[in-house]
Amino acid sequence: MLGKIKFPLSIVLLNQLWFQEELRAQGHRVISAASRSKGADICIARPGTHIEEILAQMPAGFYPDCLIYYDDSGPITVLGLEKCDIPKVFFSVDAHHHSAWHSHFACAFDETLVAQKDYIPEFKKFNNSVTWFPLWAPVSIEPKSEKTCEVSFRGNLCSRAHPKRVQFFKKLRELVDVEIDASEGRYRDIYPASRIVVNQAVKRDVNFRVFEGMMCGAFMLTTNTENGLGELFEIGKELVVYEDGDAEDAANKIRYYLENEVEREKIAAAGRKTIIERHTAKKRGRDLERILLSLEKKQNSCRHYCAAIAYLTSAKMARGRSPRVYELFVKAAAEGLSKSAEVNEVVNDGFINAVHLTNYLLRELGLNLEALNFVCEIYQYSCHDTSLAVSLVASLLEHGLIEQAFALAREISHEPEKLLAEAPKMTDSIHHRLADVLLNSSTNSRQN
C-alpha cells in the first residue's frame, strides 16, 4: 500500500533559480539559495559553504521536505550533503564537461537528473537512481513578424575555452554571412528576428541554445549530435543538422534554406510548436514535481568516498584562486575519506590514491599534524596498504616519533632500517606523481 504523498512540498533550491516560480505556481513552498548575483532568497557567499549554514537561515516554520542541487559548472558550493538527512536531487547539466566527478558527487543524493543522455551509463557505475532530464526553453518568446537578420549566433567565442568553435565560425563566415555576438546570454532580441540560428555544440551536447532558438521561431541549424537529440526532435522536420565541425556543410544548408523560404518557415514553425508543447519551463516543472513527490531516501554504499573525490576536484578548481576555499575542500576530502574508511565503504586503488593526494595537499597547506593524524586514522581503520604504511612511517619520522616509525617499519619490512631511510623519498615520489595529475588534468567551467 502506498504511503501518503505530502502536498504541498517545502523545497530548497541550491545554486540556480530554475523552476522556482513554476513550483511555487504549483502550490509548493520554495526557498532558493545561490550567489548574490542571482537574486535568491538566501545568499551563498562562497563555494564550500556547509549545508547547515544554509538551513540555519530558513524562515521560521520552514522545514525542507527535499532539496535540489543544481550544477553550476564550478566548484561544489555546498558541503556536507552526503551527511544531510533531507531527500536530495542532483541535476547535472554539464555532464559533458564534468561527468568524471559529477558521477561521484551524485552518490550523495537520492536521485540524479542528467541533461545529456549519453552520459547516464557513467553515472550508473555508482548510482542506479539516474534519470534523463533534458534542457528546455527558459522563457516564452514570440517570433518577430519582420525578420531583419538572415543568420545569427550568440555564445562564447573564447579561443582558449572553445578553439574548435572559433575555428568553425571563422570558416563559416568566409562562406556565408553570420551575425555573431559573443555576449552569451543576449539572444532575446536577435533570435526572434533571425531567419536561421546556428548552433555549435561544445562536446556534442544538446545545449540551451537549441531550445532558445526554436522557441524564438527561428529555423534551427545545429550540430549533428547524439545525447537524445533525435528523441527530442524530428530531425529534418523540426530542425536540421550539419556534420560536426564541417563549415561547408553548414554553409550549404544555410544557402539552401535561405533560398527556400516556405520549407524553412515550415520547419521553424514545427520546431517552435514542439518546444511549446514539450520543452518549456512549465512542462519541465511538472516533470520535476512528479520526481520530488515520489522521492525517497536512499543510502548509497560509497557516498562518503565519492563525495571526497568530488571535493578533491573542487579543491583543484579553487587552487590558486581562493586559499580559504581550497583549504575547506581539502579538509572536507580528508573527512570524507576518514568516514569512508571508518564504515568500511570502499578500499581500492582509487581510494588509496585519494588518501595519498589528500595527505599531500594537507601538507602543502602546512597542516602537517592534521596530515599525520589523517593517514594514521585511515591506516588504523582497515586500510593496511603498504604504500600508506610507508607514508605513515615518513610522517612519524618528520614529527620526531622515531620509535613509532621503527615499530611500524618492522611490521611491514624485513629491513626496517632501510625502510626508515627510504620512506621520505618514496612518499615524496608518490605525492609528486599525484600532484602532477591534480595540476595537469583539465577541469572546464560552463561555456555555452
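Two strands are taken to pair if DSSP finds at least two bridges between them. Helices (H or I, at least four residues) and strands (E, at least two) are DSSP runs, numbered from the N terminus. The legends below describe a predicted model, in which local features need pLDDT of at least 70, side-chain atom pairs count only at pLDDT 80 or more, and totals for chains, interfaces and linings use all residues. Residues are numbered from 1 along each chain as its sequence is written, and side-chain values use heavy atoms, with hydrogens and water left out.

**Figure 1. Overview of the predicted protein.** The protein contains 17 helices and 14 strands. Along the principal axes, its C-alpha atoms fill a box of roughly 85 × 55 × 40 Å. Of the 448 residues, 54% are buried; buried means under 20% relative accessible area, exposed over 50%, and partly exposed in between (1.4 Å probe, protein chains only). Among contacts between residues at least 6 apart in sequence, 63% join residues at least 24 apart, where contact means heavy atoms within 4.5 Å.

Figure 2. Seven strands, in the order β3-β2-β1-β5-β7-β8-β9, form an open sheet with parallel pairing. Strands β3 (42–43) and β9 (130–132) stand at the edges; each has a single partner strand, so one side of each is left without a neighbour in the sheet. Strand β7 (residues 88–92) pairs with strand β8 (residues 111–114) in the parallel sense over 4 bridges. Within this part of the sheet, F90 stands opposite T112 in β8.

**Figure 3. Strand β1 and its two partners.** All 5 of the 5 residues of strand β1 (residues 10–14) are buried, so the strand is largely enclosed by the rest of the structure. In a regular strand the side chains alternate between the two faces of the sheet. In β1, S10, V12 and L14 point one way, whereas I11 and L13 point the other way. With strand β2 (residues 29–34), β1 pairs in the parallel sense over 5 bridges, and A33 in β2 is the bridge partner of L14. The chain passes from β1 through helix α1 (residues 20–25) to β2 in a right-handed β-α-β crossover; right-handed means that, with the strands pointing away from the viewer, the path from the first strand over the helix to the second runs clockwise. Strand β5 (residues 66–70) is joined to β1 by 4 bridges, and the two run parallel. There, the bridge partner of L13 is I68 in β5.

Figure 4. Most residues other than glycine have a negative phi, and most peptide bonds are trans. The peptide bond from F7 to P8 is cis, with omega near 0°, and P8 lies in the segment before β1. In the loop between β1 and α1, F19 has a positive phi near 70° although this residue is not a glycine. F19 counts as buried, at 2% relative accessibility. S73, in the loop between β5 and β6 (78–79), likewise is not a glycine and has a positive phi of about 60°. At 3% relative accessibility, S73 counts as buried.

Figure 5. S103 belongs to helix α3 (residues 95–105) and is buried, with a relative accessible area of 1%. The side chain of S103 reaches the backbone oxygen of A100 at 3.3 Å. This is a polar contact, that is, a pair of N or O atoms within 3.5 Å; within protein, one must be able to donate a hydrogen and the other to accept it, and residues adjacent in sequence count only if both atoms are side-chain atoms. Leaving aside residues up to four places away in sequence, S103 touches E122, F123 and F126.

**Figure 6. The nonpolar cores.** A nonpolar core is a set of buried Ala, Val, Leu, Ile, Met, Phe, Trp, Tyr and Cys residues joined through side-chain atoms within 4.5 Å. The largest core has 84 residues, of which L14, Y69, L81, F105, L337 and F351 touch the most other members. Helix α11 (residues 303–318) gives the most to this core, with 11 residues. Another core, of 45 residues, lies apart from it and includes Y70, F91, V206 and L288.

**Figure 7. Helix α15 and the glycine that follows.** The expected span of a helix is 1.5 Å times one less than its number of residues. For the 13 residues of helix α15 (residues 386–398) this gives 18 Å, which agrees with the 18 Å between the end C-alpha atoms. Buried residues of α15 include L388, V390, L392 and L396. Just after α15, G400 takes a positive phi of about 75°.
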